[in-house]
Amino acid sequence: MNRGVTVFESPDIYPIKNLSYEFIGLEFENPFILAASPATDDLDMVRRAFSVGWAGAVLKTTSVEGTPVDLAYPMMTSFTDEGGKLFGMGNIDLISVHHVDRVEQNIKTLKKEFPGKVIAASIMAGKKDDWQYLVERLERAGVDLVECSFSCPQGNIGEHPGRMLAQSVLATETIARWVKEASKRVPISIKITPHVTDIVEIVQAVKRSGCDAVTASNSLQALMGVDIRSFVPYPQLDGKSTYSGLTGSAIKPITLRTIAEIARHVEIPILGTGGASTWGDAVEFMAVGAGAVEFCTLVMHRGFRVIEDLKSGMGHYLADMEFRSTLEIIGRALPNIISHDDLPRRSVRSHIDEATCIQCEVCYLACRDGGHGAIERMPGRIPRVNLDRCVGCGLCENVCPEGCISMRVIA
Amino acid sequence: MMLPFRSDRQTRVEAERCLQCYDAPCTAACPAQIDVPGFIAMIRSGNLTGAAETVKTANALANVCGKICPEEIFCQSVCTRSKQDTPIAIRELHFYATLHESRHGYSTPRFFSRNGRSVAVVGAGPAGLACAFELAKLGYQVDLFDRRLPGGVPRYSIPSFRLSEEELNCDITFLSRYFQFQKAVIDEVRFREIENSHDAVFIAVGLTMDKPLPIPGAQLQGVIPVLSFLESAREGADASAPGKRVIVVGGGNVSLDAAATAKRLGSDEVVLMYRRGEKEMRVWSGELKEARQQGVQIQFFTTPIEIFGRNRVQGVKCRRTRLSDERDATGRPLPLDVDGSEFDLEADAVIPAIGQVPGANFLRLFERTLQGYLKVNDSFATSRGHVFAGGDVVGGEGTIVQSVGHGKKAAHCIHRYLSGEMDP
């Protein structure tokens, strides 16, 4: 990752770790691919991403000629903590403004220049003919995977604007059958939404259609905030606003649950996406069932160069864990997810490590007003747990800014 | 010497503060060109081995620099974050990463295929080691020569309270597989042999001779050359205090190291004498603070005019100075004597630390600068074909990381030269 004034490239001194594996019939050089997004809408951008090590890219969603793509700007809003640290982004972007001819050409060019990369296309349409036409055309262009957006949460262009295809079991199954029917060679993944009562019945519909995989999941519908003086929500467009699609770390726990829920109930390959920002997040996605992980917000914030740490971190992780292949991660956490009823019932109590406690008394306050009044103030501001009152809820452990509280099982 | 963060959590918090700038000023300011945002991103994600590898890829003396690099004059001085609040503690994060690696085991480097050519590196200090490593990466067989063990300034001049032998050896052990080391004194004859038996030579012999104090009495017993003083102090157990009352003359890091070392060895009183003020000192604040904490007294605007005593040093006659409007070659104001300000200071040892000059005698074969350093062009080429040079021997007293930068860049110049892409 040399940049700036460097006058020469210093050769790497460590061997390149092999992270490659096969998934849905495709060879992945590593589990990290770019999600359909502005980062994959331009040929040179994708070239740059591939040259620094991304394993593949889902080109920004395309549709048939004549589909109106009427973008509104500004389209981005950030979701930050009080200190301004960004942990989510909202967008009111739509599909690619490029004509499908150009997307088709991009696929051909990329396939020729980067034969080892996974080149995927994302499509969205209304009528059966259009869905099938897109699949056939992109397949002929040499695409490796077609992802069908059944779930764009903003500016949906289906027959019922505002309603996502993947919110209806019937619509999902019907249209998934159309696209699968049209493909001869290329695997089809249906990009679903977590905005449903039961994700399992939707994915079962995908499975029945014969499609090859699901992409779980998409951005979440959100209102990014409201200016409390002008009462105009964000993003603000001449005094008006609309709902955004929320992405980034903020939605990671929701995506994890979505992937896990699918993996626990339906036997279908999963492309995980939505909120992964580190190699560790990717491991988590895979541990609950994803076979590869798509990134978007991280790249839009930090650039394609983040792939260096994703690959390096994953390589060292595999070595530390003595895993021979990336595949060994997939589904490893699933046996450990059980129903609340089946959880073990045991007696735990809070334990405060006095040696590392910094005497802020945040735990005291949290327990007094949100817990069980089980932390007592002591001289010197060292908090002490009253074991008779403590129920072991874990609130104190989670609010401690120094990480010096743990929950211990008591006999 | 600041210790690394108290906890892993604090380290992560500090790493989280990094803005991850594009074309980062910290990387540009690092003579070894460490990808600072890159390794900090890895600390953030918990990929500590990756962070250590990133540092080591750029800087062959990763452990040494993590411990003692003066970040305040390099990376940290240009940190964008300081425009918001305070700069990132870059060196400490670097230290944290390399410490992790030294505790958890070093990553195994890949095999570097050989290109069939050989380069001799004369001088096994930071510049020579960095050059040897870079050349090995580029496929050269490297023969490394030094009159002492590999390590140079970090092994022989930097006090062990700043850098332990163990810390130094982390780097030397790692690097030693990339060169054939020969302990040998290189004279003119031997140099010509080396020159004839290699495709190119890199000279990095550093500065091995103390500049003598040009005043009467400099030959008295009790006047101790700073380099040999620091070297014997590093040897440990046998080292004894140079005297009860010690005067160190000079305003650089070497003089601070000598003063702090004398104090640590048990001298009752140590005075550092400098002819200019604190602002003009070429030292980093951490070392100055350390010396003061050790109890070193500092006499600014003072210059010695005579060392007196019968056979042995008994004291130093001094004179006060003031700064003139004229500047010297380094851009600092020239000090002028204040007439009638003479006074005597008692002392039983004087350590002049007013700078060093190259000492190796084979250097006679080369064109030199006015200050006596080896003359090189922008590509580190000397006046002799096939011979390149870098480090303190061409630039005067610098920092370790600057020498590493020289060594790396020179290796690439040698490579370009031997590949026919560049004239000598």
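Select α3 (36–45) and α4 (48–58) of chain B. Look at how they cross: the crossing of α3(B) and α4(B) is left-handed. This is a predicted model, with an ipTM of 0.93 and a pTM of 0.93.

Stay on the pair. The axes of α3(B) and α4(B) approach within 7 Å and cross at roughly 165°. Angles over 145 degrees count as roughly antiparallel, and α3(B) and α4(B) are therefore roughly antiparallel to each other.

Now show side chains. On α3(B), pick Gly38(B), Phe39(B), Met42(B) and Ile43(B); on α4(B), pick Leu48(B), Gly50(B), Ala51(B), Thr54(B) and Val55(B). These residues make the contact between the two helices. Colour them by class: the contact of α3(B) with α4(B) has six nonpolar residues, three polar ones and no charged ones.

Next, colour chain B by confidence. Its mean pLDDT is 93, and 98% of its residues reach 70 or more.

Bring chain A into view and go to the interface. Here 28 residues of chain B are in contact with 24 residues of chain A. Which helices of chain B each supply at least two residues to the side that touches chain A? Select α2 (25–29), α3 (36–45), α4 (48–58), α7 (126–137) and α15 (400–418) of chain B. The helix α4(B) gives the largest share of that side, six residues. Colour the side of chain B that touches chain A by class: seven residues are nonpolar, twelve polar and nine charged.

How does the radius of gyration of chain A fit with a compact globule? A compact globule of 411 residues would have a radius of gyration near 22 Å; chain A has 24 Å, which agrees.

- Ile24(A) has a positive phi of about 40° although it is not a glycine.
- Ser217(A): go to the loop between β10 (213–216) and β11 (220–222) of chain A. The peptide bond from Ala216(A) to Ser217(A) is cis, with omega near -5°.
- Pro235(A): move to the loop between β11 and β12 (244–247) of chain A. The peptide bond from Tyr234(A) to Pro235(A) is cis, with omega near -5°.

Methods. Residues numbered from 1 in each chain as written. Chains lettered and ligands numbered in written order. Predicted model: local features only at pLDDT ≥ 70, side-chain atom pairs only at ≥ 80, totals over all residues. pLDDT = per-residue confidence, 0-100. Contact = placed C-beta atoms within 7 Å. Helix = DSSP H or I, 4+ residues; strand = E, 2+ residues; numbered from the N terminus. Nonpolar A, V, L, I, M, F, W, Y, C, P; charged D, E, K, R; others polar. Axes fitted to C-alpha atoms, helices over the stretch in contact; angles between N-to-C directions. Parallel < 35°, antiparallel > 145°, perpendicular 65-115°, else oblique. Left-handed = near helix turned anticlockwise from the far one by under 90°. Rg over C-alpha atoms; globule rule 2.2 N^0.38 Å.
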